[in-house]
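Let's take a walk through a protein model and see what its parts are up to. Have the sequence and the 3D view ready, and follow along.

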Amino acid sequence: MSVLVITGTGTEIGKTITTAAVAATALAAGRTVAVLKAAQTGVGPDERGDADECARLAGAVTTAELARFPEPLAPGTAARRAGLPPVRPQAIAEAAAKLATEHDLVLVEGAGGLLVRFDEAGGTLADAAELLAAPVLVVAPAGLGTLNSTELTAHELRARRLDFRGVVIGSWPDAPDLASRCNVADLPEVSGAPLLGALPAGAGALAPADFRAAAGGWLAAELGGTWDAVAFRERVAG
């Protein structure tokens, strides 16, 4: 796996922190890592973006950003309103492929969900993943409503015959409610893919050294970590 596409079932659910955790875990294993943010929205020219946040938390990763648009909107809409050229799936795929020639692992972080539009032709992150023939990791929230959005995302990935690697819970609450606890068992069932990790709420607020030390414990072996889905489910089931 030289390229991994990281998407989510929506926005503000922990994609960037999950990307940083995967990067930190790979770096700890001695791999070289690049983080590609396909399109950054809602950030000004001199502000830190998601790729920068990944580097702050994870460490010595190469960061790349294809475009940024000032308004916090879908990339295609934000590009149109800013009067700027959109980011197209082909450009995402080409940039990721180039980074893959120079790094052991390239993490491509999307914007919002899998089918958020990047251009006027309806190009999406799913199209870029198809061009790359790259596996896709889905970040989902823990609580009520996550089952429907996760199953819809999984359905689309399978319809496109993409390699759906698994699901990571982007923010596991300190005091999980009944829905969150039940969803630990239900997410793999509805998605048809393994649960590959759960990041604790507030992980992004940790000091970088603490984040790097803990990251591998939040992710399953498939992502280079030590997290165990069965043990986690048994621990939270009560």
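Tryptophan 227 has a relative accessibility of 10%, so it counts as buried (buried means under 20% relative accessible area, exposed over 50%, partly exposed in between, with a 1.4 Å probe and protein chains only). Before going on, some ground rules: this is a predicted model, where local features need pLDDT of at least 70 and side-chain atom pairs count only at pLDDT 80 or more, while totals for chains, interfaces and linings use all residues. Residues are numbered from 1 along each chain as its sequence is written, and side-chain values use heavy atoms, with hydrogens and water left out.

**The aromatic cluster**

Which residues does tryptophan 227 cluster with? Trp172, Trp227 and Phe232 make up one aromatic cluster. A search of the whole structure turns up 3 aromatic pairs. Here, rings of Phe, Tyr and Trp (its six-membered ring) pair if their centres lie within 6.5 Å; planes under 30 degrees apart count as stacked, over 60 as edge-to-face and the rest as tilted. Two of the pairs are in the table.

| Pair | Centre distance | Plane angle | Type |
|---|---|---|---|
| Tryptophan 172 and phenylalanine 232 | 5.1 Å | 70° | edge-to-face |
| Tryptophan 227 and phenylalanine 232 | 5.3 Å | 50° | tilted |

Tryptophan 172 sits in strand E8 (residues 164–172) and phenylalanine 232 in helix H9 (residues 229–236), so their pair ties together parts that are 60 residues apart in sequence. Those names come from DSSP runs, numbered from the N terminus: helices are H or I with at least four residues, strands are E with at least two. Tryptophan 172 and phenylalanine 232 are both buried, and phenylalanine 232 has a relative accessible area of 6%.

E8 also has a partner strand: 4 bridges join E8 to E9, and the two run parallel (two strands pair if DSSP finds at least two bridges between them). Within that pairing, valine 167 has leucine 195 in E9 as its bridge partner. Strand E9 (residues 195–200) has 5 of its 6 residues buried, so it is largely enclosed by the rest of the structure.

**Strand E2 and lysine 37**

Now hop over to E2, which covers residues 33–37 and includes lysine 37. How many of the residues of E2 are buried? The count is 5 of the 5, so the rest of the structure largely encloses this strand. Val33, Val35 and Lys37 point one way from E2, while Ala34 and Leu36 point the other way.

E2 pairs with strand E6 (residues 105–113) through 5 bridges, running parallel, and valine 35 has leucine 107 as its bridge partner in E6. E2 also pairs in the parallel sense with strand E4 (residues 62–65), over 4 bridges. In E4, glutamate 65 stands opposite lysine 37.

Lysine 37 carries an "active site" feature in UniProt, from an unreviewed entry. UniProt positions are given in the numbering used here, feature names are shortened, and annotations may be inferred rather than shown by experiment. With a relative accessible area of 4%, lysine 37 is buried. Leaving aside neighbours within four places in sequence, lysine 37 is in contact with residues including Asp50, Glu65 and Glu109 (contact means heavy atoms within 4.5 Å).

**The nonpolar core**

Leucine 107 turns up again here. Of the 77 residues in the largest nonpolar core, Leu107, Val108 and Phe211 touch the most other members. Such a core is a set of buried Ala, Val, Leu, Ile, Met, Phe, Trp, Tyr and Cys residues joined through side-chain atoms within 4.5 Å. Helix H1 (residues 15–28) gives the largest share of this core, 7 residues. Not counting residues up to four places away in sequence, leucine 107 touches several residues, among them Leu4, Val22 and Val35.

**Aspartate 119**

Last stop: the loop between E6 and helix H5 (125–132), where aspartate 119 is found. Is aspartate 119 buried or exposed? At 7% relative accessibility, aspartate 119 counts as buried. Its side chain reaches the backbone nitrogen of glycine 123 at 2.7 Å, and a polar atom of that side chain lies 3.1 Å from the backbone nitrogen of alanine 121. Polar contacts are pairs of N or O atoms within 3.5 Å; within protein, one must be able to donate a hydrogen and the other to accept it, and residues adjacent in sequence count only if both atoms are side-chain atoms.
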